[in-house]
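This report works through one model, residue by residue. Keep the sequence and the coordinates open side by side.

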Amino acid sequence: MFVMSDEDGAIYSDLYKNAHGFRPRHPVHFDTEADFKAELAALVQYATDEADRAARLARTALVDYAGHLDRLRSTFGLSWKQAVDWDLQAHACELEGPADHQRYVLECHFYGQGVGLEASETLARSYFLEAA
């Protein structure tokens with residue numbers, strides 16, 4: 001039976017969490033070092049595939065959301081900021097309070113549209129730049 005070092009166990013736990021979103025809930029045993037390395041490779045591949053899938057979904061959602069805002073802009077003659085304001089109102093989101101809270105509300109709204117964290121942060125910054 002292969003005995004993992006503490007470092008090997010930490011690496012396995014981290015890769016397992018990256019792949020599945022939580023750490024292993026059970027003791028892990030491998031018969032050989034080759035089995036351990038094969039499992040690590042499988043976890044890396046699974047996490048990579050999952051990250052790629054999430055990135056594709058976020059790109060698609062960003063395109064869809066941009067199209068939604070463009071339709072609002074062209075239909076009603078709105079600026080980008082006005083289109084975002086209308087969309088916020090439609091989702092019962094209010095931008096009140098300090099600027100950092102407003103930015104948080106915007107980021108949460110954009111993230112809720114499925115566009116991903118990085119795009120959410122960028123869109124929120126853009127909103128305030130256009131407002132200036």
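## Tyr 46 and its contacts

Setting aside neighbours within four places in sequence, Tyr 46 is in contact with Ala 19 and His 20. Contact means heavy atoms within 4.5 Å. Tyr 46 lies in helix H2. Helices are DSSP runs (H or I, at least four residues), and strands are E runs of at least two; both are numbered from the N terminus. Tyr 46 is partly exposed, with a relative accessible area of 39%. The classes are buried (under 20% relative accessible area), exposed (over 50%) and partly exposed (in between), with a 1.4 Å probe and protein chains only. Tyr 46 and Tyr 16 are 30 residues apart in sequence, and their C-alpha atoms are 9.4 Å apart in space.

## Basis of the values

The model is predicted: local features need pLDDT of at least 70, side-chain atom pairs count only at pLDDT 80 or more, and totals for chains, interfaces and linings use all residues. Residues are numbered from 1 along each chain as its sequence is written, and side-chain values use heavy atoms, with hydrogens and water left out.

## Two nonpolar cores

The largest nonpolar core has 15 residues. Such a core is a set of buried Ala, Val, Leu, Ile, Met, Phe, Trp, Tyr and Cys residues joined through side-chain atoms within 4.5 Å. Leu 69, Trp 80, Val 84, Leu 106, Phe 110 and Val 115 touch the most other members. Helices H2 (33-76), H3 (80-90), H4 (99-112) and H5 (117-131) each give two or more residues to this core. A second, separate core holds 11 residues, including Ala 19, Val 28, Phe 30 and Leu 40. In soluble globular proteins, nonpolar side chains tend to be buried together.

Take Leu 69 from the largest core.

## The buried side of H3

Which residues of H3 are buried? They are Trp 80, Ala 83, Val 84, Asp 87 and Leu 88. These residues are on the same side of H3, because they cover an arc of only 140° around the axis. The arc is that of the directions from the helix axis to the C-beta atoms. H3 is followed by Ala 92, whose phi is positive, near 60°.

Asp 87 is buried yet has no salt bridge. The nearest side chain of opposite charge is Arg 71, 9.3 Å away. Lys and Arg count as positive here, and Asp and Glu as negative; His and the chain ends are not counted. Beyond neighbours within four places in sequence, Asp 87 is in contact with Tyr 65, His 68, Leu 69 and His 109.

## Salt bridges

How many salt bridges does a search of the whole structure find? It finds six. A salt bridge is a side-chain nitrogen of Lys or Arg within 4 Å of a carboxyl oxygen of Asp or Glu. Side chains of opposite charge can pair when their charged atoms come close.

Arg 23 is partly exposed at 35% relative accessibility, and Asp 14 is partly exposed at 39%. Lys 81 and Asp 85 pair at 3.3 Å, N to O. They are four residues apart in helix H3, so about one helical turn separates them. Lys 81 is partly exposed, with a relative accessible area of 21%. Arg 103 and Glu 107 pair at 3.1 Å, N to O. Both lie in helix H4, four residues apart, about one turn of the helix. Arg 103 is partly exposed at 30%, whereas Glu 107 counts as buried at 18%.

## Two positions in H5

Ser 120 is in helix H5. Ser 120 is buried, with a relative accessible area of 0%. Neighbours within four places in sequence aside, Ser 120 is in contact with Glu 107, Phe 110, Tyr 111 and Val 115.

Thr 122 is also in helix H5. Thr 122 is partly exposed, with a relative accessible area of 34%. The C-alpha atoms of Thr 122 and Trp 86 are separated by 19 Å, with the residues 36 apart along the chain.

## Cysteines

The whole structure has zero disulfides. A disulfide is a pair of cysteine sulfur atoms within 2.5 Å. The sulfur of Cys 93 is 8.7 Å from the closest cysteine sulfur, in Cys 108, which is too far for a bond. Cys 93 is partly exposed at 23% relative accessibility. Cys 108 is partly exposed at 36%.
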